[in-house]
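Subject: Structure for you to look at

Dear colleague,

I am passing on a structure that will be new to you, together with some notes on what came out of going through it. Please have the sequence and the model open while you read.

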Amino acid sequence: MTAPDPAIRIEQINNILSVVPDVNPIHESASRPSTGSSTEDDSKLFEGHNEEQIKLMEEVCIVLNYDDKPIGSASKKTCHVLPNIAAGLLHRAFSVFLFNDKNELLLQQRADEKITFANMWTNTCCSHPLAIPTEIGFDLESSIVGVKNAAQRKLLQELGIRSEEVPVDKFQFLTRIHYEAPSDGVWGEHEMDYILIIKANVNLDVNPNECRDVKYVSATALKEMFKDESITFTPWFKLICDSYLFKWWDNLDDISKFRSDEIDRMI
């Protein structure tokens, strides 16, 4: 995906409310926004896709300006179609990296049923906080609380990890990355991705509609996976690995020193 001039891109992102009619304005005092709705065009867009995953495309994501300030809400579908991404639609996301007491990282292979980035290996859990009171935030600290709540919700839904095994206060926020990447000719990502680290020994009850496979890996084993050209990885996972992960991995017992409140622009 070829990015326009940075100044143009910033203007596109900040003016998205006037460009994409399916984005609803949002304010700090706003109540829960309406959920996404289906249209006749959706039948073609979702043709051949899994019904459960199609239903999840109605979830309402948080639409942002360039500085990570919520300015609107829109369905997951609206946030992930390439024409809207090209227009500048940016939404909030999170990526969880869960390590066990052996300092092994839990990876998941996304299910074949997934609409975006199917069958690719990635970090433990990656998804979106919803535009609801417990998951939205209007400054950095409240946004971190929101993505931690969302992470807890999605770890249960995808991997069957119970909330008591991953208490919200045990997640450590490290940074935000702003990136965009196409999935195919229809779908893609343009996200402000909050990176969360947690160390916990957990019990798994994997949802096969979300995950095709899971495994724990050492840093050495993951590097070997990267050498295997038959294995594909999600773009955000590769970006985080290439820029940060192995440095963090060597310092899991003192990880807080790597926290940065600045946004890392990877677009």
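A residue is called buried when its relative accessible area is under 20%, and exposed when that area is over 50%. By that rule, both Lys154 and Glu158 are buried, and their side chains meet in a salt bridge with an N to O distance of 3.8 Å. The two residues are four apart in helix 6, so about one helical turn separates them. Please bear in mind that this is a predicted model.

Side chains of opposite charge can pair when their charged atoms come close. A search of the whole structure finds 15 salt bridges, and one of them joins the side chains of Glu135 and Arg153 at 2.7 Å, N to O. This pair links distant parts of the chain, with Glu135 in the loop between strand 7 (125-127) and helix 6 (140-159), and Arg153 in helix 6, 18 residues apart. Glu135 is buried, at a relative accessible area of 3%, whereas Arg153 counts as partly exposed at 27%. There is also a network of salt bridges that links Asp68, Arg92 and Arg176.

As for the annotation, the unreviewed UniProt entry gives "domain: Nudix hydrolase" for residues 89-239, a span that is 23% helix and 33% strand, with its end C-alpha atoms 20 Å apart. Leu239 lies in helix 8 (residues 235-249) and counts as partly exposed, at 28% relative accessibility. Leaving aside neighbours within four places in sequence, Leu239 is in contact with Tyr179 and Met266.

Definitions and conventions
Residues are numbered from 1 along each chain as its sequence is written. This is a predicted model: local features need pLDDT of at least 70, side-chain atom pairs count only at pLDDT 80 or more; totals for chains, interfaces and linings use all residues. Side-chain values use heavy atoms; hydrogens and water are left out. Buried means under 20% relative accessible area, exposed over 50%, partly exposed in between (1.4 Å probe, protein chains only). Contact means heavy atoms within 4.5 Å. UniProt positions are given in the numbering used here, feature names are shortened, and annotations may be inferred rather than shown by experiment. A salt bridge is a side-chain nitrogen of Lys or Arg within 4 Å of a carboxyl oxygen of Asp or Glu.
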